[in-house]
Amino acid sequence: MTLPEHRLDSTVFLSKLITQYARLHEKTAGPVAKEYIRQLGIRTGEWIEGFYEQDIPEPWSLNDYVDVIIDLKNSIGGHFEVSEVHPDHVVVKAGRCPFGDAVKDAPHLCMMTSSVFGGIGARKFGYAKVNLRKRIALEDDGCEVAIYFEPTDKEEGEVYKDLPITPKQGNPFSWEEDAIVMLNEELHRSDKMIEQLLGELESLRNEVDQLKEKNR
């Protein structure tokens, strides 16, 4: 047997698995799927901050912030670098996404980058506005992300501010009761949509069978 030149590995497998799950979730949950990714990114960003607490004293500088978001993205398989650092905003670019080319199957996963960057920025500086200028997921040749730390009309973007901070020794992945209720409601709605789809497919199959009988 001749093995393929590009072998399957855990990174490729997990990237494909996550993007396909995200794609399926978007089809069943609709626009709400993007909000789930946003909330997950906010909490993940807060969790990630814990890895840098002992090395970076408070308050963070803009350079500290940039070093962290670049390091975290590159640590999970991306290829990000600093493009610009200004008093009110920074710009980073990427030639490779942590999800690889699989992110093209689920472009709304880019909200993870926005909410991780924006969540960290809002907690450290009080405000962040994130504009995903370019996205590999949308067939651009690379990603370009601008993060503003003051309100501005220069660019559109997702705004992050007044974010709740988990108490010391707490767990940012502990979802509040209202979030759990919303999740249950959306899962129920997803189940109903899948049931409806299966019913429509069954009806279509019956129509095809009937046409076959008539044409015999």
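I looked up Arg135 and found it in the loop between S3 and S4 (strands are DSSP runs of E, at least two residues, and helices runs of H or I, at least four, numbered from the N terminus). The model is predicted: local features need pLDDT of at least 70 and side-chain atom pairs pLDDT 80 or more, while totals for chains, interfaces and linings use all residues. Residues are numbered from 1 along each chain as its sequence is written, and side-chain values use heavy atoms, without hydrogens and water.

Arg135 is buried (under 20% relative accessible area; exposed is over 50%, partly exposed in between; 1.4 Å probe, protein chains only). I found no salt bridge for Arg135 (a side-chain nitrogen of Lys or Arg within 4 Å of a carboxyl oxygen of Asp or Glu). The nearest side chain of opposite charge, Asp140, is 6.8 Å away (Lys and Arg count as positive, Asp and Glu as negative; His and the chain ends are not counted). Beyond four places in sequence, its contacts (heavy atoms within 4.5 Å) include Pro107, His108 and Cys110.

I then searched the whole structure and got nine salt bridges. One of them joins Lys154 to Asp88, with 3.6 Å between the closest N and O atoms. Lys154 lies in the loop between S4 and S5 and Asp88 in the loop between S1 and S2, so the pair ties together parts 66 residues apart in sequence. Lys154 is exposed at 60%, whereas Asp88 is buried at 19%.

Arg133 bridges to Glu155 at 2.5 Å. I noted Arg133 as partly exposed at 31% and Glu155 as buried at 14%.
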